Amino acid sequence: MNEVKAIVSDIKSGTIKPIYFLMGEEPYYIDKISDYIEEHVLDAAEKGFNQQVMYGRDASVEDIVSAAKRYPMMAERQVLIVKEAQDLSRNIEKLVSYAENPQPTTVLVLNYKYKKLDKRKKLHKAIAKTGVIFESKKLYDNQVSDWIRRVLSGKKYQIEPKASLMLVEFLGTDLSKISNELEKLMLVLPEATIINDKHIEENIGISKDFNNFELRKAVGEKDIVKANRIINYFAENPKSNPLVMTISLLNGYFTQLLSFHGLKDKSKSSVAKAIGVNPYFVDEYFLAARNYPMRKVAQVIAMLREADVKSKGVGANQTSHDILKELLFKILH
């Protein structure tokens, strides 16, 4: 995020490079930088003749170089944005000669999503000298909640830990999806609101009582009645609660619990850092550790692997609900 701010700050101050190569697994920041350049480098009057968008699937490297070498019309520079540039990955090294001597009046932006340049190749070295290479890395699950908090803080909102975790468990680590849902929340909630699980339920449609977060908590507490209520709700709403995701999240939870058992320093702050959770949730792990000794945790992880195989249709002729029901019975007894 700091690197994104630095790039935007340079552009605002007039330090604009001839090439921006935006690459990596997380498309959110690639789009953010590209959109900023598209919206702010040229004024409205200049864009008609001097701003062009091309797509990697429809253009060759030669087409892009030819367009980049043109001179702007009645403007200081032109902007050429290549979207889905990863479709050019087989021939992208052909851009080397242009990258070594780019047209100074052109701003060439390449959105190279889900891939990255090899640092050892000539193209990476050439762009690093004449332009900007930005790698947008995928966030880990335990980093996304903090990202949500920082984004909302910048817009003068706050969010409770449970609400944040509900978003991550429902939407995964796709920052674009999460950002869209946050925008919806900010449209209906006034500034300075502390977003809670009820806001998430009412505005995004994620049940605050029947979700993977609450299932995980019920399992940790060995609350059999609550766990069964949740999985019955899942059975009635299978599209919103896929079995593969539930098993994956339970596996992550018990893997964290295994790490917890192995910790020498069990102070709250050390536990939070070691297993990658918000300190708000640490007490739940102390309770779960009492309910599940290390040996049982290892057995549960083996059960989860077996259920994962079954959920993918290997060696099982059961419904998703039956697989989850059987799994929870084994875990909780």
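**Labels against values**

Modeller: Start with lysine 156, which is found in the loop between α7 (141–154) and β6 (158–159). The model is predicted, so local features need pLDDT of at least 70 and side-chain atom pairs count only at pLDDT 80 or more, while totals for chains, interfaces and linings use all residues. Residues are numbered from 1 along each chain as its sequence is written, and side-chain values use heavy atoms, with hydrogens and water left out.

Biologist: Why is lysine 156 called exposed?

Modeller: Its relative accessible area is 57%. Exposed means over 50%, buried under 20% and partly exposed in between, with a 1.4 Å probe and protein chains only, so lysine 156 counts as exposed. Its phi is positive, at about 70°, although it is not a glycine.

Biologist: Which residues does lysine 116 touch, not counting residues up to four places away in sequence?

Modeller: Met23 and Glu135; contact means heavy atoms within 4.5 Å. The side chains of lysine 116 and glutamate 135 also form a polar contact of 3.5 Å. That term needs a pair of N or O atoms within 3.5 Å; within protein, one must be able to donate a hydrogen and the other to accept it, and residues adjacent in sequence count only if both atoms are side-chain atoms.

Biologist: How do you know that the buried residues of α6 line one face of the helix?

Modeller: In α6 (residues 122–130), the buried residues are Leu123, His124, Ala126, Ile127 and Thr130. Seen down the helix axis, they fall within an arc of 165°, so they line one face; the arc is that of the directions from the axis to the C-beta atoms. These residues pack against β1 (19–24), α5 (96–100) and β5 (132–135).

Biologist: What makes strand β3 largely enclosed by the rest of the structure?

Modeller: In β3 (residues 78–83), 5 of the 6 residues are buried, so the strand is largely enclosed.

Biologist: Which strand is joined to β3 by 5 bridges, and in which sense?

Modeller: Strand β2 (residues 51–55), running parallel to β3. Two strands pair if DSSP finds at least two bridges between them, so 5 bridges are enough. Glutamine 52 stands opposite leucine 80 in β3. Strand β4 (residues 106–113) and β3 also pair in the parallel sense over 5 bridges, and leucine 108 is the bridge partner of leucine 80 in β4.

Biologist: Why is asparagine 212 called buried?

Modeller: Asparagine 212, in helix α11 (residues 212–221), has a relative accessible area of 9% and therefore counts as buried. Its side chain makes a polar contact of 2.9 Å with the side chain of threonine 246. Glutamate 181, in helix α9 (residues 175–188), is buried as well, at 14%. Lysine 184 of α9 is partly exposed, at 44%.

Biologist: Which residues touch the most other members of the largest nonpolar core?

Modeller: Tyr20, Ile37, Trp147, Ile148, Leu167, Leu182 and Ile200, out of 43 residues. Helix α2 (residues 27–40) gives the largest share, 6 residues. Such a core is a set of buried Ala, Val, Leu, Ile, Met, Phe, Trp, Tyr and Cys residues joined through side-chain atoms within 4.5 Å. A second, separate core has 38 residues, including Leu165 and Val300.

Technical notes
Helices (H or I, at least four residues) and strands (E, at least two) are DSSP runs, numbered from the N terminus.
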